[in-house]
Amino acid sequence: MRAARYYGPGDLRIEEVPDPKPGRGDVLVQVECALTDGTDLKTFRRGHPLLLSELPSPFGHEFCGFDVATGKRVVAANSAPCGTCGFCVRGRESLCENLLPLLNGAYAELLVVPARIAGINLHPVPRSLTSELAALIEPLACALHAVGGIEGGTTVAVLGPGPMGMLLCACLRDAGATPVIMGGSSERRALAQEFGAVPGDARDADVVIEATGKAKGWRDAVRAVDRGGTVILFGGVQGDVELDAEKLHYDEVTVQGAFHHTPRTVRAALAFLASGAYPWEKLLTHEVSLDDLPGLFAEPPDGYLKAVVRP
């Protein structure tokens, strides 16, 4: 089969590789489409300690396709909790100590979904939902997890009007909160309004969610939040980040991380996508073949949010 293989920062090659062989309980999927995301772009540029621990490595994790054994259209999240570690037992499944194996290799004609993921986070796609939109299940599940503790009536500033910022706004609005999008171009802020955001200022917000994935975004989120407010650090960054200690201490700011998803938010994400409540398709701004994928990551085009990749 043809597949994308990652050899190192900036080095992504499309190659002929042996067809993958599913083991016991695994599910072999013929990939209909895959989606690019911010994690993939960052990984292309600098690598990833978990997804790409051995090189060369398969690449890509958002997809929709057909179960080769049954012909059913399916979609999956990129991991599943073990259910037995201390965090899972306490209901903190996103912190599972045994998340491996991770699903990786969606930029290919065939993909093996590991048995544990297949048993928990592999789902049939409703007929009313297109494959391209069904492939959004994993990022939307992460957004739902991030906003799970926010109550209705809360004003929430979302810092970063990228695809995840849009999904966060939709989740917040669905939860009864009022999302305010911050930063970016006027076009991005206008699009965010279609996902439930309203014009406003972070200083009016009870909560600020950082969705830029940059150290500066972390610092800006802490500076922006009101006294007694909460900052949710959603976008992952590498290394140490220095935050305003005086602000945190004297303004009694709460800072918390938000990582990954849970089986519950994966199921909820699929239902949310199928509801058609928001124009999810507007997040899919480009379409490329496997051959064009390395060029897309090397030089993302103007207006790029997410791309549909056709194997």
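Q: What makes the largest group of 52 residues a nonpolar core?
A: A nonpolar core takes buried residues such as Leu, Ile, Phe and Trp, joined through side-chain atoms within 4.5 Å. In this predicted model, the largest such set has 52 residues, and those touching the most other members are Leu-140, Ile-150, Leu-168, Phe-195, Ile-209 and Trp-280. Among the elements giving two or more residues to this core are strand 3 (27–35), helix 5 (137–146), helix 6 (163–174), strand 11 (207–210) and helix 10 (263–275). As a general background, nonpolar side chains tend to be buried together in soluble globular proteins.

Q: Which residues is Trp-280 in contact with, leaving aside its neighbours within four places in sequence?
A: Contact calls for heavy atoms within 4.5 Å. Trp-280 has such contacts with Leu-133, Leu-136, Leu-140, Leu-167, Ala-170, Phe-195, Phe-272 and Leu-273.

Q: What is there besides that core, and which residues does the second, separate core include?
A: The second core has 32 residues, including Leu-52, Ala-76, Leu-293 and Val-309.

Q: How do you know that strand 1 and strand 2 pair?
A: Pairing needs at least two bridges. Strand 1 (residues 2–8) and strand 2 are joined by six, so they count as a pair, and they run antiparallel. Ala-4 stands opposite Ile-14 in strand 2. The open sheet they belong to has three strands in the order 2-1-4.

Q: Why are strand 2 (11–16) and strand 4 (57–58) called edge strands?
A: Each of them pairs on one side only. Helix 1 (residues 38–46) lies across strand 1 and strand 2, at about 50 degrees to strand 1.

Q: What makes strand 11 and strand 12 (residues 230–233) a pair?
A: They share four bridges, and at least two are needed, so they pair; the sense is parallel. Ile-209 has Ile-232 in strand 12 as its bridge partner. These strands sit in an open sheet of five in the order 10-9-11-12-13, with parallel pairing. Strand 10 (178–182) and strand 13 are its edges, and the twist averages 20 degrees from one strand to the next. Helix 8 (residues 215–224) lies across strand 9, strand 11 and strand 12, at about 175 degrees to strand 11.

Q: How do you know that the span of helix 10 is close to what is expected?
A: Helix 10 has 13 residues, and at 1.5 Å a residue 18 Å is expected; it reaches 19 Å from its first C-alpha to its last. Its buried residues include Val-266, Ala-269 and Leu-273. Helix 4, helix 5 and helix 6 are among what covers them. Just after helix 10, Gly-276 takes a positive phi of about 65 degrees.

Q: Why is Glu-252 called exposed, and why is His-260 called buried?
A: Exposed means over 50% relative accessible area, and Glu-252 has 63%, so Glu-252 is exposed. Buried means under 20%, and His-260 has 11%, so His-260 is buried.

Q: What makes the phi values of Glu-252 and His-260 worth a look?
A: Most residues other than glycine have a negative phi. Glu-252, though, has a positive phi near 50 degrees, and His-260 has one near 70 degrees. Glu-252 is in the loop between helix 9 (245–250) and strand 13 (254–257), while His-260 is in the loop between strand 13 and helix 10.

Notes:
Residues numbered from 1 in each chain as written. Predicted model: local features only at pLDDT ≥ 70, side-chain atom pairs only at ≥ 80, totals over all residues. Heavy atoms only, no water. Buried < 20%, exposed > 50% of the residue type's maximum accessible area, 1.4 Å probe, protein only. Axes fitted to C-alpha atoms, helices over the stretch in contact; angles between N-to-C directions. Expected span 1.5 Å × (residues − 1).
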